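Q: Got a structure up on my screen and I want a quick tour. Can we go through it bit by bit?

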Amino acid sequence: MNTTSTNSLPEIAEFDISHLNVYGARVHNLKNIDISIPRNCMVVITGISGSGKSSLAFDTIYAEGQRRYMESFSAYARQFIGSMERPDVEQITGLSPVIAIEQKTTNKNPRSTVGTITEIYDFMRLLFARIGEAYSYNTNKKMVRFTTQQIVKYIIDNYFDEKIALLAPVVRGRKGHYRELFEQIRKQGFTKVRIDGEIQDLTERMQLDRYKTHDIEVVIDRMKVDANFEQRLAESIEQSLKMGNGLMMIMQYDSDKVQIFSKTLMCPDTGISYQEPSPNTFSFNSPYGACPHCKGLGFVHDVSMDLVIPDNTKSINEGGIVPFGEVRENFTFQRLRFVAQKYGFTFATPVKNIPQKALDLILSGIQDEETTPKSDKKRISEMLDYEGVLNTIRRCYTEKEVSENLRQWAEGFMEKKECETCHGKRLKTESLHFKITDKNISDLADMDIAQLHAWFTDVENQLTDRQLLIAKDVLKEIRERLGFLLNVGLDYLSLSRSSRSLSGGESQRIRLATQIGSQLVGITYILDEPSIGLHQRDNERLIAALQQLAQIGNTVLVVEHDRDIMLASDYLIDIGPAAGKHGGEIVGQGTPKQFTQRNTTTAQYLRDELQIPVSETPRKGNGKHLILHEASGNNLQNVTVSFPLGTLIAVSGVSGSGKSTLINETLYPILSQHFYKSNKKPMPYERIEGLELIDKVIAIDQSPIGRTPRSNPATYLGVFAPIRELFAKLPEAQIRGYAAGRFSFNVKGGRCEVCEGGGMKVIEMNFLPDVYVQCEKCMGKRYNRETLEVRYRGKSISDVLDMTVEEAVPFFEAIPKIYRMVKTLLDVGLGYITLGQQATTLSGGEAQRVKLASELHKKDTGNTVYILDEPTTGLHFEDVRVLLLVLNKLVDKGNTVIVIEHHTDMLKAADYLIDMGPEGGKRGGTLVATGTPAQVKASGLGHTGRFL
């Protein structure tokens, strides 16, 4: 009889091993979908914004992978880290460990650099500690270290038959009477010491002038040098080095000439010595390596004279010395009157005509007591408290006890300056004088990745056999990691670049390079639009890097809209057909060849059946120009750029070519300072002309519209206030005496007090991000029962917040003020989001379009400059078409729109192109081509023209 054991496990089907299978996924807007994703290949998940791509990739597959990892911990460990919520999915099979590489920018810590996050700098520290050669910072000569045998040989060779003394330095250039030290030396049996260059006998209760600086050496031995005394000489040298803490001296009796020897690193001419290097010697995050002045930051905050005295032709009466403010009758101005009287000027004297001595006194207080006459000294000290304006500002900025208002006042006069001691290098002087083939560690960290890789490839030919033996493995590791960064198109970055200055795409590609370097196999990698901020030229390298990850045996899931990446993938999945509740279904899947035959919107764009419309005749604008002269921030090479007003301008160029420096860090801060007195300082430039031709500037970036679940599109847009007023005017509300405040979920009265109007309760997780769960009292409706009883057209205020924009447009058609605002959200392609959707759940592209909508519904003057940084990020072809319609509406009203962009469809649709380059980093920063897209294409200059 044929029986099977009931305990044996069912065989795992081949399909479950070769595919990642998701059954019944219902997270967010996913409509109970089943999908089989082939493993160990590169799979692209695409679809229009809000269709459910991230819900499938991150909120279902990644979340389940994370949860299973947490479940593998013991119950004891899980009580500290909490358990993760199971995503709303029936079953997932064939899931290997998951790693998500998202767009979140890396560490905002000013101490974090590209070198530290890639760990390449840590390997370089090890390299310099082991094979770096020390040079004197005084003479630039190579430092030397001596063994006892070398010193013995040196003495016999150079001092034969001469009388010498061996000295051990115990005090070098310090004040004190040293009574206890002399007593201690005497007890050890020594009889003579050399004090300030003179040998003296040690006597009882011997002491020195405590206010003078002294050098003290113990005389260890005196002898006439003879080869027979070699043993005695060696013992005395050992004793000298031990007592002198690794340092000793030889003095010739005839000439009093002294020579210094050190068993650590020492300068043969000046006698300065360095400690033995360790990896920490080269770390700007360690007190052993960091510059003591800036504490390893490379910059300091100090008072800016330009902010204290912005215009020296003004007098004190006219506010020429800004920190004093208006002239008043108080102690400060009494002091100033005394100084004015003493030095012969008045409050009406222009600052530039105030005698320099008086100005120094006002700004810096009393510095030099010696030169102030005795009679004046007391009076002036009373009048100025020895401090002065600059020191007052510094004190208010740095002291903890000062009030917040005073600190903010002081901050207004501070600026970030390069550290004068290390000149931005972050390290101690000694650390910067260890070199490998004439380069110190900071020189290498400042090179761009491409140069650095070339240097490390060539350096082996210049090392000694001993150095090569020690460094072989470290050099291999550094070269490999640099190679991975080159593969993902980051050749223009340098290791010293601060991680807070990296874009989302750059930090994502750094993490991708790190993962490629780890060479793990059998992992599911999930990437969120790795092509962000990447020029088409660099896309090829990124695709090769992703394919390499898949080839070594990993599953690479990429949420992406880029045409090249889609066509280079092994398998494509399209989610749609539309966004929000109209999406969440699988509308097409297959290899790129199979997929392009489908009838989905994405496939039609890939076949070029659907195209983003391009104007045949670019707008000429209004004939006026905004001209920025000689911009030289970061890598910009004195660039002069003309922006034709009344047009759609696209600024393009490869990654690192200087686009963001030109627009976000030079042009926008100039305009922002001019119109809004903003504090952000623009990067260096010569001048700007044409400011009178525009009346405001608006930057629309992808930062969140709010950081808490309380923020939502309705509150950001300002449409929630008129909606609350509408509810307050309803008869039911009037009878109950409800004002508009009753319908706010942020104010006591109408809101649910259990969750305080949040609709969610926060559960604090000690070691994990806080978890939000629905309030059990109001069931997420945010309001109490009485408030929800007031209804407009059958809907409560909570129902209105739950409406999608598509539903809200016809619902509020009769109320023009509300209708106009809600309609702009529909116009920018956000019909699928709800009015009360939590800001934390909106993607970067969605947040940017909410901001666009908020600008669109305002009455504009037609002279506004709008600045957008990569607005196509996270957008499908169809979304880009809608976005272009919106931007063209703005330009048609006479406004100027400047976009920093890589998307070729967006570049083709622009009226005017400004192409930066030709390469990134030091090989960029120049103006390659300008003109209409057709002119840039015809010029044959730069990479953008080639891809157009």
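Q: Which residues line the second largest cavity?
A: A quick note before that: this is a predicted model. The lining is made of His535, Gly653, Val654, Asp915, Met916, Gly917, Pro918, Val928, Gly942, His943 and Thr944.

Q: How much space lies in the second largest cavity?
A: About 30 Å³.

Q: Which elements each supply at least two residues of its lining?
A: Strand E31 (912–917) and helix H35 (942–947) do.

Q: And how do the lining residues divide by class?
A: There are 4 nonpolar, 6 polar and 1 charged in the lining of the second largest cavity.

Q: Pro918 is on that lining list. What joins Gly917 and Pro918?
A: A cis peptide bond, with omega at about 5 degrees. Both Gly917 and Pro918 are among the residues lining the second largest cavity.

Q: Where is the place of Pro918?
A: Pro918 sits in the loop between strand E31 (912–917) and strand E32 (926–931).

Q: Now Gly576 to Pro577: is that peptide bond cis or trans?
A: Cis, with omega near 0 degrees. Pro577 is in the loop that runs between strand E20 (571–576) and strand E21 (585–590).

Q: Back to cavities. How many of 30 Å³ or more does a search of the whole structure find?
A: The search finds 2. The largest cavity holds about 60 Å³ of space.

Q: What lines the largest cavity?
A: Thr118, Ile120, Arg481, Phe484, Leu485, Ala513 and Thr514. By class, that lining has 4 nonpolar residues, 2 polar and 1 charged.

Q: Which helix gives the most to that lining?
A: H17, with 3 residues. Helix H17 (465–487) and helix H18 (504–518) each supply at least two residues there.

Q: Switching to pockets. What volume does the second largest pocket have?
A: About 570 Å³.

Q: How many residues line it, and which lie nearest its centre?
A: The second largest pocket is lined by 31 residues. Gln536, Asp562, His903, Thr904 and Asp905 lie nearest the centre.

Q: Which helices supply at least two residues each of that lining?
A: Helix H19 (536–551), helix H20 (563–568) and helix H33 (904–909). H33 gives the most to the lining of the second largest pocket, with 3 residues.

Q: Rings next. How many aromatic pairs does the structure hold?
A: It holds 23. One of them is Tyr69 with Phe73.

Q: Why is the Tyr69 and Phe73 pair put in its class?
A: The planes of the two rings are at 65 degrees, and over 60 counts as edge-to-face, so the pair is edge-to-face. The ring centres are 5.1 Å apart.

Q: Are Tyr69 and Phe73 buried or partly exposed?
A: Tyr69 counts as partly exposed at 48% relative accessibility. Phe73 is partly exposed too, at 27%.

Q: What about Trp409 and Phe413, how do they pair?
A: Edge-to-face, at 5.5 Å centre to centre, with 70 degrees between the planes.

Q: Which of those two is buried, and which is partly exposed?
A: Phe413 is buried, with a relative accessible area of 8%. Trp409 is partly exposed, at 30%.

Q: Which residues do ring pairs link into a cluster?
A: Phe727, Tyr738, Phe743, Tyr792, Phe811 and Phe812.

Q: Last topic, backbone angles. Is the phi of Glu756 positive or negative?
A: Positive, at about 55 degrees, although Glu756 is not a glycine. Glu756 is in the loop between helix H26 (731–736) and strand E27 (760–763).

Q: Is Glu756 buried or partly exposed?
A: Partly exposed, with a relative accessible area of 44%.

Q: And Met779, what is its phi?
A: Met779 has a positive phi of about 55 degrees, and Met779 is not a glycine either. Look for Met779 in the loop between strand E28 (771–774) and helix H27 (785–788).

How values were computed
Residues are numbered from 1 along each chain as its sequence is written. This is a predicted model: local features need pLDDT of at least 70, side-chain atom pairs count only at pLDDT 80 or more; totals for chains, interfaces and linings use all residues. Side-chain values use heavy atoms; hydrogens and water are left out. Helices (H or I, at least four residues) and strands (E, at least two) are DSSP runs, numbered from the N terminus. Buried means under 20% relative accessible area, exposed over 50%, partly exposed in between (1.4 Å probe, protein chains only). On a 1 Å grid over the protein atoms alone, a cavity is a set of points where a 1.4 Å probe fits but cannot get out, and a pocket is an open set with protein on both sides within 12 Å along at least five of seven lines; lining residues have an atom within 4 Å of a point. Grid points are joined across faces, edges and corners, and a volume is the space filled by probe spheres set on the points. Rings of Phe, Tyr and Trp (its six-membered ring) pair if their centres lie within 6.5 Å; planes under 30 degrees apart count as stacked, over 60 as edge-to-face and the rest as tilted. Ala, Val, Leu, Ile, Met, Phe, Trp, Tyr, Cys and Pro count as nonpolar, Asp, Glu, Lys and Arg as charged, and the others, Gly among them, as polar.
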